[in-house]
Structure formats: structure tokens, C-alpha cells
Amino acid sequence: MTLTFTTLGPEGSCHENAVAHYLTFQGIEDEAKTDLTLDLHEGLERVRRGESDFLVQCSAHPEVHLITERYFGEVHVVDTFVYPTKELVLLSRADVERPKTLGLVPATAGYVDLSQWEEVIREPSKPVVGRNLLAGAYDSGLTHLEYLEQSDGALRLDRYIGAVTTTWVVYGPRPRFTGDLIGTRCREYLLGEGK
């Protein structure tokens, strides 16, 4: 049996990266595959219809509450984990002195002052921003560092944000919570021991 984990794509997304590490951590990388979607609501429907076993979403996603609440009796939060994003950067086209348009994922809007641009174009994921920025769809974009490396000098680095540690929510069709708290014990960390 192969388990299917649906998450936000396209290929190269922070979601895909986090899921790959989660599957390795769980020791099921050989029994699972990743299914990518540009719409987490569609991913939720896939789990609900039985076409996917699990959905993984970053907790910073602005619609995490809608995914959690939509089918709360049918699709349940079954796990969470902590893992960083890929390296984030603010890039601009090298030939544009004063950028007027910005492409970004709404979940990343807190990393920059949006008033610096005349127009903000919202995209479903950072790889979409990177590809569209390389294609000239806007002047600036908040995306992954790899797009600067791929640009061959067409893009410049305006701000390095780096990998940001965040949490990820795993949804599944069967409830896991049975009344006792589910979590990772970290008493030593909480008490500041072992610094």
C-alpha cells in the first residue's frame, strides 16, 4: 500500500520539501508519495473523497483555519511538526531601478513593507513567484534563493530572509486525538537546561 500526502506545489515548494523530510522522519518514505496541488482546498477535497490519505499545510498559510474547519468532522488534524522553509529572498529584476510591482504568496506578506510597491500580485506558491519573476511578470518577488542562482544576472538580491522555522499541520480522515495531549516532550528546552 502506498500512502498519498497532498501538499501545496508546484514542484520545488517549501511544502514539498517539508513533506519529504516528514516522510523520512516517520520512516515511510518508501511507502508514500507526494501529490502536489496549487489549491489546498482542492487538496482537502482529495482527502475527503479518499483520493489522498493526508494533507500537509504550513501553519503560516492564511487559510489554515478554513482548512481545519471546513470538514472538521470528516478530515482531522492528526499531527504537527516543526521544520524550516527553504531559503527565502526578496529579488528584483536587475534592469529595474525602482520596482513598482511585487509578486508574493499572501503567507509571506509579513516579511516586507508592501507599501513600497504600487501593485502586489498574489500567487499560490513561491515557485510560481520565482518562475513569473524570471519571466518578467513583475519587478520584484519574494521567493526562494535558487531563483537568484538561476537568473544568470537578470535578478538582484534586495533582501535575504533565509530559512524560517515554522510549523506544519497534517490532516487525515481518521481522528487521532483520544483525549490525551499529543506532542513532543521538550522539558529540558522549556526549562532552559542543557544550554
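Buried here means under 20% relative accessible area, exposed over 50%, and partly exposed in between, with a 1.4 Å probe and protein chains only. The model is predicted, so local features need pLDDT of at least 70 and side-chain atom pairs count only at pLDDT 80 or more, whereas totals for chains, interfaces and linings use all residues. Residues are numbered from 1 along each chain as its sequence is written, and side-chain values use heavy atoms, with hydrogens and water left out.

Begin by selecting residues 40–48, helix α2; helices (H or I, at least four residues) and strands (E, at least two) are DSSP runs, numbered from the N terminus. Seven of the nine residues of α2 are buried, among them L40, L44 and V47. Show next β1 (3–8), β2 (32–37), β3 (54–58), α3 (64–70) and β10 (165–172), which are included in what covers those buried residues (contact means heavy atoms within 4.5 Å).

At the start of the helix, select D39, a side-chain oxygen of which reaches to within 2.9 Å of the backbone nitrogen of H41.

Then display R46 and E42, whose salt bridge has its closest N and O atoms 3.4 Å apart; a salt bridge is a side-chain nitrogen of Lys or Arg within 4 Å of a carboxyl oxygen of Asp or Glu. These two residues are four apart in α2, about one helical turn, and R46 is buried at 18%, while E42, at 26% relative accessibility, counts as partly exposed.

Definitions and conventions
A polar contact is a pair of N or O atoms within 3.5 Å; within protein, one must be able to donate a hydrogen and the other to accept it, and residues adjacent in sequence count only if both atoms are side-chain atoms.
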